[in-house]
Amino acid sequence: MDDLRIIELYFERDEQAIKETDAKYGKLCHSIAYNILSNHEDSEECVNDTYVGVWNAIPPTRPNNFMSFVCKIARNLSLKRLEFMKREKRSADIMLSLDELESVLPDDRYAPDVSDEEVGKLISKFLRTQKEDVRNVFIRKYYFFDSIGDIAERFGFTESKVKNMLFYTRNKLRDYLIKEGVEI
Amino acid sequence: MKTPRTANAVGHIDDDLITAAAECKKKTKHNPWLKWGSIAACFALLVIAGTAILPSLFGGDGGTTNKYKDFIQAGESAIIWPWEYQTVYEKYTELKFDGIEYLGRGREVSASHVGEIIGNHTVVGYDEINSGKKYTKEFEVYKLKDVAQSQFVAVKMEGKYYVFKNDKYAPPSTLGELFNLVDLPKVIELNEFSENGDGPNKNHYVLKSDDYVWEVLAGCKNADFVEDDKWTVHKRDHLSFTVTSETLGVYRVAMYVTADGYLWTNAFSYQYLFNIGEDAAGKIIKYAKENSSEAEYKPYQNRIVGKVVEVTDEYILIDDTVLCNNPSDGTTYKVLLNDLRISRYVDHEIIKVGSTVQITFEGEIDEANTIDSAISASQVKISGGDVLIPE
């Protein structure tokens, strides 16, 4: 079903909206949650919570990009759940991804007067200056938290190439943020 | 554990960027030695599943059958070379004109396949070791015969022509549409195939003529393109044709015809899958089986493995005794360093006296055991009877 029609169903408070969202974006949400949590049960709960989040947000919100809107909620909820998971339940993959991101901009002690949303805008601006492959590899890794192997397969690169690209992109992003006045 | 700020900030990336990354399609590898990885990330040993017995990698020379021990052969070497050590077609890979972005396929095409000149255009390259520093250079761009200019062009670099392909994922909606863009019977010759897989332990055949196969496929012009990233050929009865095409810039990629009615190929960078129906597929499979003769397995690339015993400016000597059941069966190969693709391994000391290496080459080994077409090398370790190649 067309995204606009699904959004209309939310506005009509028709529960079919959730079924349609699940049919269209359930797999994507589950893959984001699973990449972060590495556990089907937790991921399933996060996906269900995502639908509740979408149901509560629409109306009044009328998202311009429904897919991205749903993904963001799934990603936020999964990251929040990860914070509460015991260390031994976390996968090495996600911990490594988060460590890598920490090296770019660690925590709220840095650039306290700039909001996460503003940093997000700067990251978007930076990514737009990068080659399409570089941009997509970065987003697949740090937004969707795909594994290096999955990214390599998707783009037809070797795993070394993917790691190398990510390494350079993180360094360039860090330099860019400093240049833009984000104190790191 | 607190989520790092960058992870939260990444969650606020613009919607259109997220959508583009979510929807970017799977590409299929077709030319492993051209895929670059990091030299810095080298030397973690990789064991690749599955076995291949070395003699078969030599092209199945019956005389060598008992010479070598059995080995597990492991994967692909991946190196990013410094800019000055890259060949021109590795350096310059992105071409944009008339609103189309073409990517170099890293393969040369003979002048006989090249059509009229389109004009001079700028080709872009990036030095990945140097923070992606951008280089640009103007080259002559030509049409290629038998394919639409919107899909493939040739770029003349240092006197040779190289294939560039439109990189946008915009698959034809039917097989007929693909026939309109590419004169498939002219640019692809289907003469080798194997049954239910293409490894060394499968049955391999040579087809007498591919005319009938193309005739059947030409009759499937309404066959729909199937969008299914999860489609796989495993567990389907199928024939696997080997596709080499100078015009398309592909070497020994695959085209499957499955008994349940699918045509699959990776010759166009992305997975192209058409539903041709069981009837057409059945006709092709039956014809191929009845009009072919058995053939030897041919590896993707020829390889030798051995210890480097001498390195000069012009050649290296490699002794493969370490692989032999009987040391007196050892052979010394002379590998000429007549091409940047191989000489750069010596300059970077990946090939040096005393190291054990695998050399891949495109042509033949002559009677004097000389190889003049080496294209890549990897340091390998021989451990417990396996040849292990560091990633």
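## Exercises on a two-chain model

In chain B, strands β13(B) and β14(B) form a hairpin with 1 residue between them, and B:S269 in the turn has a positive phi of about 75°. The model is predicted, so local features need pLDDT of at least 70 and side-chain atom pairs count only at pLDDT 80 or more, while totals for chains, interfaces and linings use all residues. Residues are numbered from 1 along each chain as its sequence is written, and chains are lettered from A and ligands numbered from 1 in the order in which they are written.

**Exercise 1.** Find the partners of β13(B) on either side.

*Solution.* 
- Start with the terms: helices (H or I, at least four residues) and strands (E, at least two) are DSSP runs, numbered from the N terminus. Two strands pair if DSSP finds at least two bridges between them.
- Take strand β12 (residues 250–258) of chain B: 3 bridges join β12(B) to β13(B), and the two run antiparallel. Here B:V257 stands opposite B:L263.
- The hairpin of β12(B) and β13(B) has 3 residues between the strands, and B:G261 takes a positive phi near 100° there.
- Now take strand β14 (residues 270–275) of chain B, which is joined to β13(B) by 5 bridges, again antiparallel. B:L263 faces B:F274 in this pairing.
- Finally, look at the cover: 6 of the 7 residues of β13(B) (residues 262–268) are buried. Buried means that 20 or more other C-beta atoms, placed from the backbone, lie within 10 Å of the residue's own; exposed means 12 or fewer, and partly exposed is in between.

**Exercise 2.** Check the span of helix α9 (residues 159–179) of chain A and find what covers its buried residues.

*Solution.* 
- The expected span is 1.5 Å times one less than the number of residues. For the 21 residues of α9(A) this should be 30 Å, and the end C-alpha atoms are 30 Å apart, so the two agree.
- The buried residues of α9(A) include A:V162, A:M165, A:L166, A:L173 and A:L177.
- Their cover includes α6 (116–128), α7 (132–142) and α8 (148–155) of chain A.
- Just after α9(A), A:G181 takes a positive phi of about 95°.

**Exercise 3.** How many residues does each chain bring to the contact between A and B?

*Solution.* 
- Two residues are in contact if their C-beta atoms, placed from the backbone, lie within 7 Å.
- Chain B brings 38 residues and chain A brings 45.
- On the chain B side, α1 (5–10) and α2 (15–23) are the elements that give two or more residues. Of these, α2(B) gives the most, with 7 residues.

**Exercise 4.** Describe the secondary structure of chain A.

*Solution.* 
- Chain A has 9 helices and 0 strands.
- Of its 184 residues, 39% count as buried.
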